[in-house]
Amino acid sequence: MSAVTANRASAPPAERKLTRGDLLAVFARMHLFQESLNFERMEALGYAFVMAPVIRRLYHTKEERAMALKRHLEFFNTQVTVCSVVFGLTAAMEEQGGNEADRAIAGMKAGLMGPLAGIGDSLIWSTWQPICLSLGAALALNGNFLGPILAWVLFNIVQVSAKYYGVMAGYHQGIALLSRLKGQFEVVTTLASIVGLMVIGSLVPSLVGVTTPAVVKVGDLTIGIQQILDSIMPNILPLGFTLFAFWLIRRKWSPLNIVLLLIAISLVLTAFNWLA
Amino acid sequence: MLGAAIVLGLLAVLAIWDLWGPQSSLFAPLITGALTGVILGDPATGLAVAGTLQLMWLGLVSIGAAMPPDTITGAIVGTAFAIITGQGVSAGIAVGLPAAVIGQMMQNLSMTVLSLWMHRADRYAEQGDIRAVELCHLSGMLVYALSRFLPVFLAVYLGAGPVERLLNSIPAWVIDGLTVSGKVVPALGFGLLLSLMVNKRLWPFFAIGFVLASIVKVPTLLVGILAVAIGIVYIQLTPRESGSQGQSE
């Protein structure tokens, strides 16, 4: 091992080329990316870990490797799935520019992590995962064990292939890819939002399944409030609670506070027999 | 209970490694809860609690740098107590949320401890020692493993008696209220999704989905297919605003 390293150190720079295996190693290591997540520099150590196969291949002296490692130990934080593109791009820049591209690589990473985090969070964590999990939960509540399994499989088909494609496309098409995707992202986001909104709308009646057992007495006549509500519009309570939560979110309430408020409302209204 | 506590603790370790690793969603309450049910030999209750907690906590995902309550600890401990105490979903909700808050504290503690790791990694990087930097990163898995094994193990091993007594002392109206809250709180998850996806032009799609399911009762999967179809038509019919292809569109 050390003999090979010594030989490589004196090799001409024309040999500096990543193999497909190196890129696959980056893809594989992405699956342990955040295992050292910390407050000081978030994903920085993980970034160095994922790029290690690339650094091994391209840099051979202690000084070169030190410089490459240090630039990836700078603060970094973004959403993991979309970060695959940044890994691919970084690999391409490491190969093409090497340590002379030190600031360019650092700048590219710092510039992309913010916008990509927004895209990744909204596509993966706020759209695709909750859709899969709500579908699975609906099945689970019917006692169907396929629920968790289906949710897991559906989610990962998209998630894993996005990571693989991201690394490969990021490396092979680099900057061109990002400028081309800029137009496409909007279309993908719109389509994802439409599907998400319709599916959520259709899940509200069954998954926010509250009704009211309250009754009004008019003389001898007893009328169920639920019956009245249903004649106005079925599922008005589930819709009402959903829009109420939406309104609180728009007013910058934190999710935890909303959970606590909704639990408090449930406790009080159930105690008065107004909700069931 | 010792054996179950150890196995559930290990399930929590797998889940936290998944959350900070492959992110396959093994960490989601739906899946950790269902597996807890299988481990404790009551898959039916496991599924019911898992489904309920999943919907209640749909909104508690980590976005950006802030750490939400830890749904791994919450779902495993909550489901375990729902089964062990025999009180089902309401016990799962009652125990799950405080357990999730303890898990959140463990997460914050881990991220503080792991900040110290960075300075060791800096030293190894200075020496160009790739292997040492890699090991430094991987050793974070030990910290995260402990951070979830300990609370889950201790809660299940020590807590069964006291927690059961506590749950038994809870009045009936609280238990009923918690069961109802399992139907109300999913509204938050949907509200959060709405707030992220909706803009003035897209509101109608939410309305279409709601009406389809509440009046015509179309199965969700068909709603999904219909949504893709409508979405594609919508995109084709929408003129691009200052599109990337210049003024020609």
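Author: Between chain B and chain A the count is four salt bridges; the model is a predicted one. Side chains of opposite charge can pair when their charged atoms come close. One such pair joins B:Glu134 to A:Arg56, with 3.0 Å between the closest N and O atoms.

The interface itself draws 105 residues from chain B and 100 residues from chain A into contact. The size of an interface is often given as the accessible area lost when the parts come together. Here the area buried between chain B and chain A is about 9000 Å², and carbon and sulfur atoms give 77% of that area.

Over all chains, the count comes to eleven salt bridges. A:Arg57 forms a salt bridge with A:Asp22, and their closest N and O atoms are 2.7 Å apart. Because A:Arg57 lies in helix 3 (residues 44-58) of chain A and A:Asp22 in helix 2 (residues 20-29) of chain A, this pair ties together parts that are 35 residues apart in sequence.

Helix packing within chain A may be taken next. The axes of helix 5 (residues 80-97) of chain A and helix 6 (residues 102-141) of chain A come within 7 Å and cross at roughly 160°. Angles over 145 degrees count as roughly antiparallel, so helix 5 of chain A is roughly antiparallel to helix 6 of chain A. The crossing of these two helices is right-handed. On the side of helix 5 of chain A, the residues in contact include A:Val82, A:Val86, A:Leu89, A:Met93 and A:Glu94; helix 6 of chain A meets them with residues including A:Ile105, A:Met108, A:Lys109, A:Leu112 and A:Leu116. By class, the contact of helix 5 of chain A with helix 6 of chain A has ten nonpolar, three polar and two charged residues.

In chain B, helix 3 (residues 43-56) and helix 5 (residues 88-126) have axes that come within 9 Å and cross at roughly 45°. Helix 3 of chain B and helix 5 of chain B are therefore oblique to each other, and helix 3 of chain B passes helix 5 of chain B in a right-handed crossing. From helix 3 of chain B, B:Thr45, B:Ala48, B:Val49, B:Thr52, B:Leu53 and B:Met56 meet B:Gly88, B:Val89, B:Gly92 and B:Ile93 in helix 5 of chain B. The residues of this contact divide into six nonpolar and four polar, with no charged residues.

How values were computed:
Residues are numbered from 1 along each chain as its sequence is written. Chains are lettered from A and ligands numbered from 1 in the order in which they are written. This is a predicted model: local features need pLDDT of at least 70, side-chain atom pairs count only at pLDDT 80 or more; totals for chains, interfaces and linings use all residues. Side-chain values use heavy atoms; hydrogens and water are left out. Axes are lines fitted to C-alpha atoms, for helices over the stretch in contact, and angles run from 0 to 180 degrees between N-to-C directions. Helices (H or I, at least four residues) and strands (E, at least two) are DSSP runs, numbered from the N terminus. Angles under 35 degrees count as roughly parallel, over 145 as roughly antiparallel, 65 to 115 as roughly perpendicular and the rest as oblique. A crossing is left-handed if the near helix is turned anticlockwise from the far one by less than a right angle, and right-handed if clockwise. Contact means heavy atoms within 4.5 Å. Ala, Val, Leu, Ile, Met, Phe, Trp, Tyr, Cys and Pro count as nonpolar, Asp, Glu, Lys and Arg as charged, and the others, Gly among them, as polar. Buried area is the accessible area (1.4 Å probe) that two parts lose on being put together, summed over both. A salt bridge is a side-chain nitrogen of Lys or Arg within 4 Å of a carboxyl oxygen of Asp or Glu.
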